[in-house]
Structures are given as C-alpha cells and as structure tokens.
Amino acid sequence: MTSPNPARPARGKPPRPAPPKLLDIARWLFILSAAVGMVRFMVQLADREMLIRELRAQQPNLSQDELDAAATGGIVFGLLIGVGLVLVYTLLANRMAGGRNWARVVLTIIACAGIFLGVLRLVAAVSGVTAAFGLAVSPVDLAFGVVTMLIDATAVALMYQASVSRHFRSQRSVNHRPPPVANGL
C-alpha cells in the first residue's frame with residue numbers, strides 16, 4: 001500500500017520478523033507430537049476385537065450387529081476427534097511460532113499435562129498397579145507415550161530459551177502501536 005503523500009509513510013502492519021530457529025524447531029516438534037499421538041490413537045482404534053470386547057462387557061444385551069455398528073461408529077468418531085486435535089495443535093504451534101505468547105502458554109500447559117499423565121501411566125504400568133486393577137497397557141502404547149513425552153519436553157524447553165523469549169517480547173512491541181493523536185499526525 002503506497003501513501004498518496006510521499007512525506008507520510010503508508011500505514012499498515014509492519015512485517016513480522018521470522019521466528020528464531022529454535023522456535024521453528026519447537027513448532028515442528030509440536031506438530032510431530034500431534035502426528036505421533038494420532039498414529040498411537042489409530043493403532044488403538046485398529047484393535048477392533050478389543051473394542052467389541054469392551055462394548056460387550058459394558059453392554060451385554062447388544063446383538064453382534066449392534067456391537068459392530070457401535071464399534072464402527074466409535075472408530076469414525078475417534079478418527080474425527082483425532083484429526084481435529086492435530087489441526088488444533090498445528091494451529092497453536094503456528095500461532096506460537098508467530099510470536100503469540102498465549103499460544104506458547106496453552107501449548108506449555110497441554111504438553112506439561114501430557115507429560116505428567118504419561119509419567120503416571122508409565123509408573124503405574126511398571127509398578128504393576130494397572131495389572132492389579134485388571135487394566136492392560138501394551139508395550140507399544142507405552143513406547144508411543146514415551147516418544148511423545150520426550151518430543152513435548154524438548155519442544156517446551158526450546159520455547160523458553162532466551163533467544164526465543166526475546167522474539168515474544170519483540171512481537172508485543174510490534175503489535176502495540178501508540179494511539180493516534182487528536183490532529184491525526
């Protein structure tokens with residue numbers, strides 16, 4: 001946009017600075033974590049027989065056709081939720097890379113909660129607590145959990161490096177313009 005008056009520069013948003021390399025890596029790590037989580041979820045949903053066993057235990061009066069339909073509906077619904085979560089994670093990661101501190105905070109909370117719950121699940125599985133309650137946790141599921149915990153922990157650590165924090169502070173100063181004065185200058 002050019003200004004009709006050459007003495008006065010055109011008003012517009014100044015270009016956003018490119019995110020630091022560490023922040024860009026953190027963005028892709030969060031997206032990778034969401035993709036790994038989606039693969040983990042798909043592996044769980046692929047065990048149709050387990051889903052039908054669980055449904056049969058919860059609803060013993062359903063016929064086999066009803067169990068099959070419920071399992072199929074659950075798988076489709078689960079896949080839609082999984083895709084939605086990957087999209088939300090990607091949106092948050094891109095906002096964070098764009099210098100939005102609120103997105104960094106949201107991703108930190110989600111990642112830390114996931115790490116905490118993953119550690120609890122890992123401890124429960126290793127200590128035998130899950131077996132004591134009759135819950136089965138597959139080694140593949142635990143491996144996916146460890147991988148996502150490591151990816152999330154690395155991404156969070158990268159988001160709070162000093163060079164990255166300066167990017168978030170510079171975005172605040174770029175986004176905040178002083179109010180116009182009464183005479184429009």
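Predicted model: local features only at pLDDT ≥ 70, side-chain atom pairs only at ≥ 80, totals over all residues.
1. Residues are numbered from 1 along each chain as its sequence is written, and side-chain values use heavy atoms, with hydrogens and water left out.

2. The largest pocket holds about 680 Å³ of space. A pocket here is an open set of points on a 1 Å grid over the protein atoms alone, where a 1.4 Å probe fits, with protein on both sides within 12 Å along at least five of seven lines. The volume is the space filled by probe spheres set on the points, which are joined across faces, edges and corners.

3. Its lining (residues with an atom within 4 Å of a point) runs to 28 residues, with S33, G37, R40, G114 and T148 nearest the centre. Helices α1 (21-46), α3 (64-97), α4 (101-127) and α6 (139-159) each put in at least two residues, and α4 gives the most, 8. Helices are DSSP runs of H or I, at least four residues, numbered from the N terminus.

4. By class, that lining has 16 nonpolar, 8 polar and 4 charged residues. Nonpolar means Ala, Val, Leu, Ile, Met, Phe, Trp, Tyr, Cys and Pro; charged means Asp, Glu, Lys and Arg; the others, Gly among them, are polar.

5. The second largest pocket has about 550 Å³ of space and 19 lining residues, with Q44, M50, R121, A136 and D141 nearest its centre. Here α1 supplies the largest share, 5 residues; α1, α2 (48-58) and α6 each supply at least two.
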